Amino acid sequence: MGEYIVSARKYRPMTFDSVVGQSALTDTLKNAVKSGKLAHAYLFCGPRGVGKTTCARIFAKTINCEHPREDGEACNECESCKAFNENRSLNIFELDAASHNGVEDIKDLMEQTRTPPVSGRYKVFIIDEVHMLSKPAFNAFLKTLEEPPAHVVFILATTEKQKILPTILSRCQIFDFERMTIPNTIAHLKMVAEKEGIKYEEPALEVIAEKADGGMRDALSIFDQVTSFTQGNITYDKTIEDLNVLDADNYFKIVDLSTANKVSEIMVLLNNILSKGFDGQNLILGLAAHIRNVMMARDTSTLPLLECSERMKKQYAEQAARCSNTFLYTALKILNRCDQEYRQSNNKRLLVELTLIEVAQITQPADSDTPGAGRQPHRLKILFKTINVSGKKGAPQVAAAGQRQAAAGTAAQTKQAAQPQQQKPVAAPASSAVSTASAAAPAARPATAGMGNIGFSFKNILSAASKKDTAADYAAAGNNGGQTNNETFTQEQLVKEWTAMCNRMPKEYVGLAQRLKNITPAITDFPNVDLAVNNELFLNEVARIQRRITATMRMALHNDNIQFTVRLAKSSEITRILTKPELFEQMKEKNPAIKRLSDELGLVLT
């Protein structure tokens, strides 16, 4: 028994014409050989397994051929071609940059460029996976690449062109290799199977080509694997079993059952799929790709976008005729949402089941409990409506009174219902309704005054600053449901409530709050309060919100007669704000015990 060689090596192309799926590139290279217009550096880039290194070797053999053919191919008869075919050519050097990516490796390679070839016309240096070279290696390679000897040709190959330095790219002719199409892959697999005497079913080769995902080397490797499993008789069922690929017929069945709203049959089919070991997310992704293909098959202009065989295109087109655009668009949205939620789900099977149920109900007619297709029920009705507008922007400032009136309002409505002959009163303006609601509310003194209850909002200071205080606004701010408070308060209580008001100001007004906190209000002629500020700019800022400050302190101190006088402080009244160390020294002077403790322990305030 002879030595076994895998198909990817055994059937590697030896001529440009035998390269699959890269006709534009091979024609360009052949024309360059025929015309003798060769560049000193080429860059072959593209996905894995599409023929980059193979084309580099063919090109290297062809430019050294002693008797090239008229079509640009090598003769395969001269000594140079024979030496290349037998892997003993001294004019071709290959470097794997993935394992030899140091600057010393490149320097050794550059040393070999100085000597001319023993036989032939060119020394060809093929550097595979060139993007793996280190930056110093690139820099060492740059000068030689820019001005190489006349007898040197560089061919660089890479799968990641974006990782190569722009200075390298600018010195090369760049060839972008394409992915293998499924028809080209199937045709090449048929050729290999016929030469090897292997029986096959075309749908099985379609599965192999789709599994290869555009790489011919991967397709040949999978082909060898399936050949070993099937003992030289490649069938569709055996291929599906060996590669553990979900049969495309399952996707066709799910879509047909969904358009017929047969949820129970879809659940049985899903259970069979999962019991075979397939992952739920793979099913969702495969179904989404299938529905995308069905959507593309609805229009003849988008039909070429399908990467599949002609038999599958026809099958997609037949199912597309049975599906509406609305169903396809909605199904794709549902499946995409399931893919996003799959990783975070704790019950992944349930998520897949619910997703398939939603897809199956897209075309189901609307019921009386649903607003439309998709069976999305109405939201639950609101059973309780609690109006709390104390913290809502732009809401009326009488929410608390309106809530307290709810119980009394129920009794009033019952009384009005019992007297249908009585004429209903005309609706009063909003301001009158506010006063009525406030009067009907039972008198209750809050333990701690809240700014929201009196309409004080520091968030609206800037917008309200542009408005002028009026007598009506002032009266409205001080209105307390028709009741008058006239409690006495001390200087200590005034300072306490003043500090509390400053602390309740939001964070965005922390500067204003801190400056207000540094002011100490003083009772001059009870209940009049004096505020002395240290500069005119701050005086104007305080004057703009004076009415709101007054209303707040009236509510907090339970005295509706409080009046604030804001004035500019005299020079004798202005005191320098002490720092924390200065305050600590002041405390030690006033309290000998603190001074003695500080001296004994050596305390220093930092």
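I began with burial: 38% of the 606 residues of the chain count as buried, where buried means under 20% relative accessible area, exposed over 50%, and partly exposed in between, with a 1.4 Å probe and protein chains only. The model is predicted, so I took local features only at pLDDT of at least 70 and side-chain atom pairs only at pLDDT 80 or more, while totals for chains, interfaces and linings use all residues. Residues are numbered from 1 along each chain as its sequence is written, and side-chain values use heavy atoms, with hydrogens and water left out.

**Whole chain.** I looked up the secondary structure and found 28 helices and ten strands; these are DSSP runs numbered from the N terminus, helices being H or I of at least four residues and strands E of at least two. Among contacts between residues at least 6 apart in sequence, 71% join residues at least 24 apart; contact means heavy atoms within 4.5 Å. The accessible surface comes to about 35,800 Å², with 52% of it belonging to carbon and sulfur atoms; the method is Shrake-Rupley with a 1.4 Å probe, and for residues only the protein chains shown count as cover.

**Salt bridges.** I searched the whole structure and found 24, each a side-chain nitrogen of Lys or Arg within 4 Å of a carboxyl oxygen of Asp or Glu.

I looked at Arg-171 and Glu-146, whose side chains meet in a salt bridge at 3.3 Å, N to O. Arg-171 is in the loop between helix 7 (166-169) and strand 5 (173-176), and Glu-146 is in helix 6 (residues 135-146), 25 residues apart. Arg-171 is partly exposed at 21% relative accessibility, and so is Glu-146 at 37%.

Next came Glu-310 and Lys-313, a salt bridge at 3.8 Å, N to O. Both are in helix 15 (residues 310-320), three residues apart, which puts about one helical turn between them. Which of the two is buried or exposed? Glu-310 is exposed at 59% relative accessibility, whereas Lys-313 is buried at 15%.

I then noted Arg-515 and Glu-541, at 3.9 Å, N to O. Arg-515 lies in helix 24 (residues 510-517) and Glu-541 in helix 25 (residues 536-544), so this pair ties together parts 26 residues apart in sequence. Arg-515 is partly exposed at 34%, as is Glu-541 at 30%.

I also found one network of salt bridges with shared partners, joining Asp-17, Asp-27 and Lys-30.

**Helix 28.** At the start of this helix (residues 592-601), a side-chain oxygen of Asn-591 comes to within 3.1 Å of the backbone nitrogen of Ala-593. Just after the helix, Gly-602 has a positive phi of about 70°.

Notes:
Polar contact = N/O pair within 3.5 Å; in protein donor to acceptor, adjacent residues only side chain to side chain.
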